[in-house]
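Hi,

Here is the structure I promised to send over.

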Amino acid sequence: MNHTLLSAEGLSGLVFLSMIAATVVGALIAIHSKRLVRAVAGLSLCFTGVAGLYYFLNSPFVALMEMLIYVGAVCVTIIFAVMLAEPRAENKPGKGSGMGALFGTIVAGLVFFGVAAVSTTTNWKAAPAKINDGSVTEVGLSLLTSYSMVFELISVVLLVAIIGALVLAHSGREKV
């Protein structure tokens with residue numbers, strides 16, 4: 001088989017790599033940005049890339065939920081909380097001692113090597129056949145039938161995000 005860039009497999013691989021790039025770049029923006037709004041925008045880009053990866057893994061339901069919940073609800077809620085909170089100069093985070101970064105790097109490295117070890121030593125089963133065609137009708141039916149518990153848990157995640165945003169906004173207003 002000859003996979004050129006202009007073939008269907010080549011274009012699919014290019015889109016897959018762009019989803020990976022969007023995920024990594026968004027995550028880097030989210031963790032390195034000094035402004036909270038930019039960090040949330042990076043987080044939104046990261047979630048969009050993850051949703052694209054889910055779609056490539058034949059899971060359009062999870063991709064749609066990722067877009068609806070994390071990009072559409074959680075990030076928008078965080079943005080509203082940031083907009084409602086009063087910016088104060090003394091509340092800006094300062095530079096840490098470096099111990100937190102060192103600890104975070106060590107923990108991230110341990111998690112990375114743990115996941116890599118598990119993923120390389122596990123005997124993975126083949127992916128199941130496509131459950132449905134990924135259309136809006138099929139996803140809606142799945143939401144109301146087989147994934148109703150997941151749908152309820154998603155609402156709990158949204159409730160926690162809204163409460164957190166309200167607490168953040170309220171504490172910003174009280175300190176004025």
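**What I found**

The protein chain has 6 helices and 0 strands, where helices (H or I, at least four residues) and strands (E, at least two) are DSSP runs numbered from the N terminus. Read from the N terminus on, the order is α-α-α-α-α-α.

Before the details, a word on the source: this is a predicted model, so local features need pLDDT of at least 70 and side-chain atom pairs count only at pLDDT 80 or more, while totals for chains, interfaces and linings use all residues. Residues are numbered from 1 along each chain as its sequence is written, and side-chain values use heavy atoms, with hydrogens and water left out.

First, the chain as a whole. Of its 176 residues, 22% are buried (buried is under 20% relative accessible area, exposed over 50%, partly exposed in between, with a 1.4 Å probe and protein chains only). The accessible surface comes to about 12,900 Å², and 72% of that belongs to carbon and sulfur atoms (Shrake-Rupley method, 1.4 Å probe; for residues, only the protein chains shown count as cover). Among contacts (heavy atoms within 4.5 Å) with a separation of 6 or more, 60% are between residues 24 or more positions apart.

Next, the core. The largest nonpolar core has 8 residues: F61, M65, I69, V74, V139, L143, I154 and A161. By nonpolar core I mean a set of buried Ala, Val, Leu, Ile, Met, Phe, Trp, Tyr and Cys residues joined through side-chain atoms within 4.5 Å. Helix 3 (60-84), helix 5 (136-144) and helix 6 (148-174) each give two or more residues to this core, and helix 3 has the largest share, with 4 residues. Leaving out residues up to four places away in sequence, M65 touches Y70, L143 and I154.

Now helix 5 itself. V139, S142 and L143 are its buried residues. Viewed down the helix axis, the buried residues of helix 5 fall within an arc of 100 degrees, so they line one face (the arc is that of the directions from the helix axis to the C-beta atoms). T137 and L144, on the other side of helix 5, are exposed.

A39 counts as buried because its relative accessibility is 13%. Neighbours within four places in sequence aside, A39 is in contact with I29, A30 and S33. G26 lies 13 residues from A39 along the chain, and their C-alpha atoms are separated by 8.5 Å.

Cheers
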